Amino acid sequence: MINVSTAVPNDNLIVERQSSILVKGRQRKNQLKCDAESIAGCVSQRACVYCGARVVLNPVTDAIHLVHGPIGCASYTWDIRGSLSSGSELYRNSFSTDLKENDVIFGGEKKLARAIDELVEKYKAELVFVYSTCVVGVIGDDLEAVCKAAAQKHGIQVIPVQSSGFIGNKSAGYRAACDALLRLIEPPGGPRPLNNGRLVKSVNYLGDFNLAGEAWIIKDYLKRIGVEVNVVFTGDSNYRDLKKAPEASLNIMQCAGSMAYLARRMEVLYGIPSMRISFLGLEDTAASLRRIAAFFDDPEMMRRAEELIEQETAAVRPEIERYREKLSGKKAAIYVGGGFKAISLIKQFREIGIDVVMVGTQTGREEEYQTLHDISDDGTVILDDANPSELERFMIEQGAHLLVGGVKERPLAYKLGVAFIDHNHDRKHPLSGYVGAVNFAREVYSTVCSPVWKYARDVGGGLYAAGNKALPER
Amino acid sequence: MLDCTPKKIIKRTGGMINPAKTCQPIGAMYAALGIHNCLPHSHGSQGCCAYHRSHLTRHFREPVMATTSSFTEGASVFGGGGNLKTAIKNVFAIYDPDIMAVHTTCLSETIGDDIPTIIKGAEVPEGKLVIHANTPSYQGSHITGFSNMVKGMVAYLAEATTDEKKEQVNIIPGFVNPGDMREIKRLAGKMGIRFIMFPDTSGVLDSPMTGKFEMFPAGGAKVEDIRDSGNSKLTIALGYYASSDAAHLLERNCRVPAITLKTPIGIKATDELLMTLRSKFVQEIPYELEEERGQLVDVITDNHHHFYGKKVALFGDPDILTGLTEFVLSLGMRPVHVLTGTPSGTLGGPQGIFEKEIKEMLAAAGLEGRVKAAGDLFELHQWIKNEPVDLLMGNTYGKYIARAEDLPFVRVGFPILDRGVHPYMPIVGYRGAMRLVEMISSALLDRQDRDAADEDFELVM
């Protein structure tokens with residue numbers, strides 16, 4: 001067992017970081033420090049405002065996503081999200097104003113205006129998002145003015161996204177993206193409730209980016225119980241559909257970290273209530289479908305929901321049970337972007353017989369950490385904004401067989417002889433709903449029980465992976 | 001996906017569509033990873049560091065460690081000096097590297113942080129080092145950033161301490177994979193010449209699975225070796241854009257003569273490297289290398305009918321393209337489009353001759369082609385629409401064009417995000433050239449097999 005409070009810097013823990021780590025059962029639950037700025041000089045796994053804004057808006061398929069800044073910000077975000085489109089593929093291109101030294105000195109506004117002109121001419125788009133980057137924030141280009149002029153000139157919407165990297169963390173970027181979306185969906189004449197309290201059986205689905213087609217799966221479930229999805233924010237969305245957003249009678253929200261602000265604003269502006277749901281794992285998927293049906297207070301809908309739950313559960317249960325037998329007793333570590341996903345993952349791991357021994361997020365909020373604390377077993381390490389050394393230490397000390405994370409965590413886990421699954425941009429199949437639950441179980445099984453780990457343990461009779469004394473038996 | 005790229009070429013002035021380059025700091029970070037026990041540090045917003053680490057991780061499939069100054073609004077108004085000082089203190093207290101290599105970003109450059117002054121005022125523990133490079137993202141490309149960080153290594157570390165130069169050669173490998181660096185070291189080793197390679201990411205970004213996470217893996221150029229590079233009797237800079245600036249600085253500072261050679265891709269460029277080593281160090285080329293060369297020529301002879309007259313479009317980093325163009329010409333292919341995103345001349349970077357050099361190669365082969373620096377993949381795609389090719393070679397981003405135009409595609413260069421193993425497998429030297437021959441002929445022949453009618457489908461090709 002670890003005692004975080006006695007950890008000293010030489011032990012790979014920074015003094016200032018100690019308040020961001022706790023062990024369930026050792027400290028009170030409201031002790032964890034989160035939502036704070038990272039410390040300079042840490043190997044943080046976090047990103048910036050631009051990153052947050054870009055990941056939220058990128059799935060809008062028929063928009064020109066123009067990154068106003070030097071080339072890097074556009075290069076690194078070129079088609080990396082894995083969000084699928086049923087229509088336009090325009091969003092998968094990379095557009096940058098590619099600012100040069102002269103632009104930085106004399107201002108980039110003219111070049112930005114030219115870029116918008118050329119791109120609109122070329123691609124006939126109705127919507128342009130212009131992302132501000134660090135440099136633009138410092139040299140003070142008037143994005144609003146350039147976008148407004150371009151919008152008038154071309155008769156389309158050109159929306160600035162205030163996403164200069166240094167003005168906050170990734171969460172601030174989510175907010176900047178939501179602000180841009182709110183401008184986009186505002187009807188002529190200003191915001192007003194359009195659903196008039198009618199319980200039109202139509203929802204907006206917030207916080208699904210259609211990675212590997214996940215939003216399509218959920219849309220299908222909802223259709224089967226009699227609910228139309230008005231528009232998804234932002235997976236496989238487009239200009240026309242987003243415009244209709246104020247017409248829905250309920251906002252359901254998967255990724256709350258990125259979308260809670262948008263949901264709150266839409267409630268104020270359009271009178272649309274919102275509900276947190278989660279389609280990760282059997283338990284949460286079923287609960288979410290029931291809650292949606294309950295919201296519409298429609299017995300027929302509830303009947304169809306129960307029918308769907310029964311059918312789909314029966315279809316996947318045997319396969320999941322098979323994996324559960326193989327995986328029972330294994331231990332998992334979680335390090336993901338937001339808190340809500342981490343909560344769902346803990347439940348989902350329980351469904352396949354796996355205990356979560358470490359859980360952390362990049363940008364989880366206080367109430368989410370409280371929930372994480374509540375549902376974790378005693379002894380679980382909970383941490384915010386972890387760095388690689390911390391992840392390494394706690395994975396080994398806790399004897400994790402598996403890490404769930406994003407791109408930067410994958411090779412770290414592998415080096416330790418720990419299996420890995422990507423629950424972020426690099427996922428290769430849907431992890432939502434019933435089909436996702438099976439995919440999840442299968443992927444966990446395929447990596448935890450991969451034959452490669454045998455070779456990680458034994459070479460010439462000795463331990464090849466001798467570095468990790470705690471390398472779990474498989 | 002790129003079906004909407006129009007054939008008609010209109011001059012553009014408003015930036016890039018589908019870039020063929022990225023920004024300086026990632027090159028600096030990659031170079032810094034090639035120093036043993038070094039922690040690269042990104043002086044800017046958190047996002048820069050996260051993006052560079054992710055991008056390098058996707059290419060190498062290895063952990064990539066780097067720290068950041070985590071700029072906030074305050075730092076951007078009042079300067080990032082405080083952040084950098086805190087970072088330096090924390091880095092040595094927590095991660096304890098031998099050396100920390102700071103690179104700037106567009107943000108800290110625009111604010112105007114004076115890095116040397118900040119470093120002087122920082123608490124650097126006894127025996128530890130902090131070096132830096134200015135890498136503004138609004139100039140040049142990732143190659144410029146690599147070059148600038150290597151220059152920083154020379155500026156801070158290299159010293160001439162002996163009266164007579166030592167019988168050793170400095171080799172600056174350029175922005176190539178660890179597998180390439182290993183191969184270049186093997187060639188120098190076979191020649192029996194003592195060498196200092198810096199930066200050297202072999203053993204850092206191709207490290208073995210041990211069950212242990214090494215913050216600082218075993219590889220990388222040692223600081224004392226980079227210091228000693230000032231005593232070498234020769235520096236060979238491989239690649240004009242990534243390596244020559246540092247070599248010239250070493251020449252100025254420590255009177256070590258510099259020779260710039262092409263990245264040794266293909267027979268001719270590899271010959272030039274070995275002949276240079278032979279003439280400067282009076283060493284015979286060992287039979288083993290003669291044999292490798294002979295095998296390569298043999299392989300090309302056996303397969304040359306597959307290549308002859310095939311039109312190829314090449315894109316990527318300038319140093320790689322120079323070698324690659326020469327090599328595909330030697331295979332009898334016709335490189336009709338050659339494009340790099342890196343600008344030819346860069347303020348603060350080498351004043352390059354990319355377009356001139358490639359055009360001269362084409363002219364010598366009696367060919368004409370489109371050649372461009374500071375281009376983008378949108379333009380390359382338009383070129384291909386106007387003059388179709390049989391093969392496309394370049395980094396991962398070429399896959400969109402390959403799909404839209406249904407072209408065979410060979411992945412070379414940086415980044416390759418959709419395939420594994422490549423960082424281990426060299427494209428330099430005779431063996432690397434043999435691998436390229438295999439990759440190119442497999443791509444062409446797989447296509448021929450795929451498209452063949454039943455009656456034309458052949459067993460022996």
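**Reading helix packing, a sheet and a pocket**

Me: How are α12(A) and α17(A) oriented to each other in this predicted model?

Reply: Angles under 35 degrees count as roughly parallel. The axes of helix α12 (residues 299–327) and helix α17 (residues 433–448) of chain A cross at roughly 10°, so α12(A) and α17(A) are roughly parallel to each other. Their axes come within 9 Å.

Me: Which residues make the contact?

Reply: On the α12(A) side they include Leu308(A), Ile309(A), Val316(A), Ile320(A) and Tyr323(A). From α17(A), Ala437(A), Val438(A), Ala441(A) and Tyr445(A) are among them. By class, the contact residues of α12(A) and α17(A) divide into 13 nonpolar, 1 polar and 4 charged.

Me: How do strands of a sheet pair?

Reply: Strands pair through backbone hydrogen bonds, either parallel or antiparallel. Here, an open sheet of 4 strands in chain A runs in the order β7-β6-β8-β9, with parallel pairing. β7 (228–234) and β9 (274–276) of chain A each have a single partner strand, so one side of each is left without a neighbour in the sheet. From one strand to the next, the twist averages 25°.

Me: How many bridges join β8 and β9(A)?

Reply: Strand β8 (residues 250–253) of chain A pairs with β9(A) over 3 bridges. Met253(A), for instance, has Arg276(A) in β9(A) as its bridge partner.

Me: What lines the second largest pocket?

Reply: There are 17 lining residues, with Arg12(B), Thr13(B), Gly15(B), Lys372(B) and Ala374(B) nearest the centre. The lining divides into 4 nonpolar, 5 polar and 8 charged residues. The space in this pocket is about 330 Å³.

Definitions and conventions: Residues numbered from 1 in each chain as written. Chains lettered and ligands numbered in written order. Predicted model: local features only at pLDDT ≥ 70, side-chain atom pairs only at ≥ 80, totals over all residues. Heavy atoms only, no water. Pairing = 2+ DSSP bridges. Helix = DSSP H or I, 4+ residues; strand = E, 2+ residues; numbered from the N terminus. Axes fitted to C-alpha atoms, helices over the stretch in contact; angles between N-to-C directions. Parallel < 35°, antiparallel > 145°, perpendicular 65-115°, else oblique. Contact = heavy atoms within 4.5 Å. Nonpolar A, V, L, I, M, F, W, Y, C, P; charged D, E, K, R; others polar. 1 Å grid on protein atoms, 1.4 Å probe; cavity = no way out; pocket = protein on both sides within 12 Å on 5 of 7 lines; lining within 4 Å. Points joined across faces, edges and corners; volume = space filled by probe spheres on them.
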